[in-house]
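Subject: Handover of the model

Hello,

Here is the structure you will be working with. My notes on what was found in it follow below.

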Amino acid sequence: MKRRSCSAAVLDEAKQVTVPRFVARNRIDLSPWVTLEEISVERNGSGVDVFHAFRQADYVQVLAMSAQGAFVLVRQYRAVIERWTIELPGGLRDPGERPEVTAARELKEETGFEVTDLVPLVESHADVGRLTNKFFGFFALAKCVTGPSEAGTDVLLVSGEELAAHAAGGRLASASHIGLLYLAAIHPQVRELCRQCGFAAVPWLK
């Protein structure tokens, strides 16, 4: 008797599943920044399932390093989780704004650092289960030109070793920040910028 592989069985089962049919998407504005969406989908002709998501502006985050190897972080109070956090600089993309423009703008507003070289690292979805917005990540070589203009934000300058310790110790507030450390470490343009600054390897992986 010929045996069928598990993968073949899974493929056969997938063929029997019809593509979900979009029914409706209703929106309720909760604030100028957040809209609640109610998404109705019919699956396999077995009725309509309702899903909920939040629509908001795209996220843009920047892993910024000075030519001397100092990494630029921000410390701020996040009311949603009721605590102070350590984060990479970043913010929300304005309507029609290019992500790279948002990255440079947010970095300067939050930290007073100006981009000298900017490397795109990722364009992805912020959270496929609950959010409709995208996430853009960048690496930046930057220099300090002024003080931060945003109230309530403290600027922290840390070494590559300290940055790695923050990531490994769970002190970086978002998992996406840790993902940017990996993507930057394997990016050839980032590695070349670090080499030009006198580092044989990316400083957070020493």
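A residue counts as buried under 20% relative accessible area, as exposed over 50%, and as partly exposed in between, with a 1.4 Å probe and protein chains only. Those words are used in that sense throughout.

Some ground rules. This is a predicted model, so to speak of local features pLDDT must be at least 70, and side-chain atom pairs count only at pLDDT 80 or more, while totals for chains, interfaces and linings use all residues. Numbering starts from 1 along each chain as its sequence is written, and side-chain values use heavy atoms, with hydrogens and water left out.

**Confidence**

pLDDT is the predictor's confidence in each residue, from 0 to 100. The chain has a mean pLDDT of 90. In it, 91% of residues reach 70 or more. Helices (H or I, at least four residues) and strands (E, at least two) are DSSP runs, numbered from the N terminus. Among the elements, β4 has the highest mean pLDDT, 98. Helix α1 (residues 6-15) has the lowest, 55.

**Aromatic pairs**

Rings of Phe, Tyr and Trp (its six-membered ring) pair if their centres lie within 6.5 Å; planes under 30 degrees apart are stacked, over 60 edge-to-face, and the rest tilted. The count by this rule is three aromatic pairs. One of them joins Tyr77 and Trp84: the centres are 5.8 Å apart and the planes are at 65°, so this pair is edge-to-face. Tyr77 is partly exposed, at 43% relative accessibility. Trp84 is partly exposed too, at 41%.

Another pair is Phe139 with Trp204. The ring centres of Phe139 and Trp204 are 6.4 Å apart and the planes are at 35°, so the pair is tilted. It links distant parts of the chain: Phe139 is in strand β9 and Trp204 in the segment after α5, 65 residues apart. Phe139 is buried, with a relative accessible area of 0%. Trp204 is buried as well, at 5%. Phe71, Phe139 and Trp204 form one aromatic cluster.

A charge sits over a ring if NZ of Lys or CZ of Arg is within 6 Å of the ring centre and within 35 degrees of the ring normal. The charged end of Arg75 sits over the ring of Trp84, 4.4 Å from its centre.

**Nonpolar cores**

A nonpolar core is a set of buried Ala, Val, Leu, Ile, Met, Phe, Trp, Tyr and Cys residues joined through side-chain atoms within 4.5 Å. The largest has 25 residues. Those with the most contacts inside it are Leu63, Phe139, Leu163, Val190 and Trp204. Elements that give two or more residues to this core are β4 (59-65), β5, β8 (113-125), β9 (134-144), α3 (160-168), α4 (175-186) and α5 (188-196). The largest share, four residues, comes from α4. Another core lies apart from it, with eleven residues, among them Val60, Val62, Phe113 and Phe138.

**Single residues**

Contact means heavy atoms within 4.5 Å. The contacts below leave aside neighbours up to four places away in sequence.

- Val190 is in contact with Val119, Leu121, Phe139, Ala184 and Trp204.
- Gln76 is in strand β5 (residues 71-78). Gln76 is buried, at 11%. Its contacts are Arg83, Trp84, Thr85, Glu87, Gly152 and Thr153.
- Leu36 is in strand β2 (residues 35-42). Leu36 is partly exposed, at 23%. It touches Asn26, Arg27, Ile28, Leu30, His52, Ala53 and Phe54.
- Ala67 is in the loop between β4 and β5. Ala67 is partly exposed, at 37%. It is in contact with Leu141, Ala142, Cys197 and Phe199.

**Cysteines**

A disulfide is a pair of cysteine sulfur atoms within 2.5 Å. The count comes to zero disulfides. For Cys144, the nearest cysteine sulfur is that of Cys197, 16 Å away. The sulfur of Cys194 is 6.6 Å from its closest cysteine sulfur, in Cys197, which is too far for a bond. Cys194 is buried, at 1% relative accessibility.

Best regards
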